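Here's a quick tour for anyone meeting this structure for the first time. Have a look at it, then read on.

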Amino acid sequence: MINKGDKLPEVNLVKATENGPEQVSSSEYFAGKKVALFSVPGAYTPTCSAKHLPGFVEKAAELKAKGVDEIACTAVNDAFVLGAWNKDAGSENITMLADGNGDFAKACGLEMDGSGFGLGTRGQRFSMIVNDGVVEELNVEAPGDFKVSTADYMLDQL
């Protein structure tokens with residue numbers, strides 16, 4: 001599993017934009033900026049929609065005031081689903097990075113088996129502060145928990 005101090009793995013992600021999906025490499029996206037990244041098991045799922053995304057939407061200005069350049073969400077969903085979810089429940093302050101094949105989650109060692117719920121392989125619920133491609137903070141939830149990957153928890157780390 002990836003750890004604090006590690007450089008993020010080089011994988012391709014798909015950024016959901018108003019003009020449609022845009023391929024972006026992790027090294028390009030995270031270069032030269034501080035990013036508050038959070039991962040959800042899936043868009044439109046209960047905890048993700050009721051608490052995780054709304055928390056980062058609500059705390060976006062506070063995160064940016066503490067030096068975060070960009071707030072990003074990743075999930076093992078396609079860019080169309082993440083774009084629609086952000087339009088429905090998010091804000092322009094959140095960048096959606098689709099990890100449709102789970103390559104990012106797997107390369108970070110943060111995948112989970114959700115097949116018991118009909119979800120297949122997904123990314124775990126986590127958050128991280130990434131500075132110029134290097135993990136400064138990593139907060140991985142225990143299965144079923146929602147404590148350490150919240151926007152409030154991240155604010156305390158900045």
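Predicted model: local features only at pLDDT ≥ 70, side-chain atom pairs only at ≥ 80, totals over all residues.

A handy place to begin is strand 8 (residues 126–131), which runs antiparallel to strand 9 and is joined to it by six bridges. One of the contacts to look for is V130, whose bridge partner in strand 9 is V135.

Now zoom out: seven strands make up an open sheet with mixed pairing, in the order 2-1-5-4-3-8-9. Strand 2 (20–25) and strand 9 (134–140) are the edge strands, each pairing on one side only. On average, neighbouring strands of this sheet are turned by 30 degrees against each other, direction ignored.

Helix 4 (residues 79–89) packs on the sheet, where it touches strand 1 (12–17), strand 2, strand 4 (70–75) and strand 5 (94–98). The direction of helix 4 makes about 160 degrees with that of strand 5.

## Aromatic pairs

There are three aromatic pairs in the structure. One of them is Y29 with F30: the ring centres are 4.8 Å apart and the planes sit at 90 degrees, so this pair is edge-to-face. Y29 is buried, at 4% relative accessible area, and F30 is buried too, at 1%.

Another is Y44 with W85, with centres 6.4 Å apart and planes at 50 degrees, so the pair is tilted. This pair links distant parts of the chain, 41 residues apart: Y44 is in the loop between strand 3 (34–39) and helix 2 (46–58), while W85 belongs to helix 4. Y44 is partly exposed at 43% relative accessibility, whereas W85 is buried at 1%.

## A lysine over a ring

Back at Y29, K33 lies over the face of the ring, 4.2 Å from the ring centre.

Key
Residues numbered from 1 in each chain as written. Heavy atoms only, no water. Pairing = 2+ DSSP bridges. Helix = DSSP H or I, 4+ residues; strand = E, 2+ residues; numbered from the N terminus. Axes fitted to C-alpha atoms, helices over the stretch in contact; angles between N-to-C directions. Contact = heavy atoms within 4.5 Å. Phe/Tyr/Trp six-rings, centres within 6.5 Å; stacked < 30°, edge-to-face > 60°. Buried < 20%, exposed > 50% of the residue type's maximum accessible area, 1.4 Å probe, protein only. Lys NZ or Arg CZ within 6 Å of the ring centre and 35° of its normal.
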